[in-house]
2 protein chains.
Amino acid sequence: MDIQLKRGLLDVCVLAAIKNGDSYGYQIMKDMKPYLELSESTLYTILKRLETAHMLTVRSQEHDGRLRKYYHITEQGIARLEEFREDWKEILSIYRFITREESEHE
Amino acid sequence: MDIQLKRGLLDVCVLAAIKNGDSYGYQIMKDMKPYLELSESTLYTILKRLETAHMLTVRSQEHDGRLRKYYHITEQGIARLEEFREDWKEILSIYRFITREESEHE
DNA sequence: ACCCAATACTTCGTGGTACGATGTATACCA
DNA sequence: TGGTATACATCGTACCACGAAGTATTGGGT
């Protein structure tokens, strides 16, 4: 799929991936893969960005000798997901504009 | 609305705006405005990009002493619109991932 | 003992792109 | 004279997704 098309979905998608329970980078990627593929560098960039925006918090935890960073969604992150539902209405309206047929109007 | 969200829609939206008849920049902007606002500089950038990609052709025409550049959609432009319908299915699948509820799974 | 895949996160450079600011120019109305 | 609408162009900036490359550990296969 076109890169541009998924841009706006990426951040929200990552938030959605942790909304039902804390998760970590590698797991988030696997969860999203069936729906939307993204590179590792992109994911970690997004996680950093969402952290800076206070949409999630991070907690480091040792797991089998490996470091894992668990991400937890904040109130603001949840609010962003709610907002997305509003955005979606606008997107639907744009979708209708794009796919509308105007054959009857000639 | 979030800028990122509309990025992927912009190009297709402009193509949709001329698919039922040739149009020019200023008119395209007015037609799109109720659905999706964009700045003039963005629109002309997009039109140039779509021309380079052979999705539309341009024809200059004098109108009341002012220059107007009429844009005409090409076969490839129409194909892009068809493609978008396929992209939309993927977007819907992502939308479902984002808005899914997993309360039953705990 | 050796190799490779999987796990897990990080950094850097590049290219694409939406936008504000600014500029050019004409027409029309008050 | 001035403001608004029409009409298009250019430039610099900031954001962002990605590929490439790197670091490091675990575990299975041969």
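**Chain B and its surroundings**

A: The helices α1(B) and α3(B) lie roughly perpendicular to each other, because their axes cross at roughly 80°. The model is predicted, so local features are reported only at pLDDT of at least 70 and side-chain atom pairs only at pLDDT 80 or more, while totals for chains, interfaces and linings use all residues. Residues are numbered from 1 along each chain as its sequence is written, and chains are lettered from A and ligands numbered from 1 in the order in which they are written.

The axes of α1(B) and α3(B) come within 10 Å. An axis here is a line fitted to C-alpha atoms, for helices over the stretch in contact, and angles run from 0 to 180 degrees between N-to-C directions. Angles under 35 degrees count as roughly parallel, over 145 as roughly antiparallel, 65 to 115 as roughly perpendicular and the rest as oblique. Helices (H or I, at least four residues) and strands (E, at least two) are DSSP runs, numbered from the N terminus.

On the α1(B) side, the contact involves B:Leu10, B:Asp11, B:Val14 and B:Leu15, and these meet B:Ile46, B:Leu47 and B:Leu50 of α3(B). Two residues are in contact if their C-beta atoms, placed from the backbone, lie within 7 Å. By class, this contact has six nonpolar, no polar and one charged residues. Ala, Val, Leu, Ile, Met, Phe, Trp, Tyr, Cys and Pro count as nonpolar, Asp, Glu, Lys and Arg as charged, and the others, Gly among them, as polar.

Chain B also has a sheet. It is open, with three strands in the order β1-β3-β2 and antiparallel pairing. Two strands pair if DSSP finds at least two bridges between them. The edge strands are β1 (23-24) and β2 (56-63) of chain B, each of which pairs on one side only. Between β1(B) and β3 (residues 66-73) of chain B there are two bridges, in the antiparallel sense; B:Tyr24 has B:Tyr70 of β3(B) as its bridge partner. Eight bridges join β2(B) to β3(B), which are also antiparallel, and B:Thr57 has B:His72 of β3(B) as its bridge partner. These two strands form a hairpin with two residues between them, and B:Asp64 in the turn has a positive phi of about 55°.

The next topic is the meeting of chain B with chain A. In total, 27 residues of chain B are in contact with 27 residues of chain A. Both α1 (3-18) and α4 of chain B supply at least two residues each to the side that touches chain A, and α4(B) gives the largest share, 12 residues. That side of chain B divides into 15 nonpolar, five polar and seven charged residues.

Within this meeting, helix α1 (residues 3-18) of chain A packs with helix α4 (residues 75-99) of chain B at an angle of about 20°, with the axes 9 Å apart. That angle makes α1(A) roughly parallel to α4(B). The crossing of α1(A) past α4(B) is left-handed, a word used if the near helix is turned anticlockwise from the far one by less than a right angle, the crossing being right-handed if clockwise. A:Leu5, A:Leu9, A:Val12, A:Cys13 and A:Ala16 of α1(A) make the contact with B:Asp87, B:Ile91, B:Ile94, B:Phe97 and B:Ile98 of α4(B). These residues divide into nine nonpolar, no polar and one charged.

Finally, chain B takes part in the surroundings of the DNA. A residue is near a molecule or strand if its C-beta atom, placed from the backbone, lies within 6 Å of it. DNA strand C is surrounded by 26 residues, of which the closest are A:Gly25, A:Ser41, B:Ser41, B:Thr42 and B:Gly65. Here α3(B) gives the largest share of the surface, five residues, and the surface divides into eight nonpolar, 10 polar and eight charged residues. Around DNA strand D there are 27 residues, and A:Ser41, A:Thr42, A:Gly65, B:Gly25 and B:Ser41 come nearest. The largest share of the surface near DNA strand D, six residues, comes from α3(A). That surface holds eight nonpolar, 10 polar and nine charged residues.
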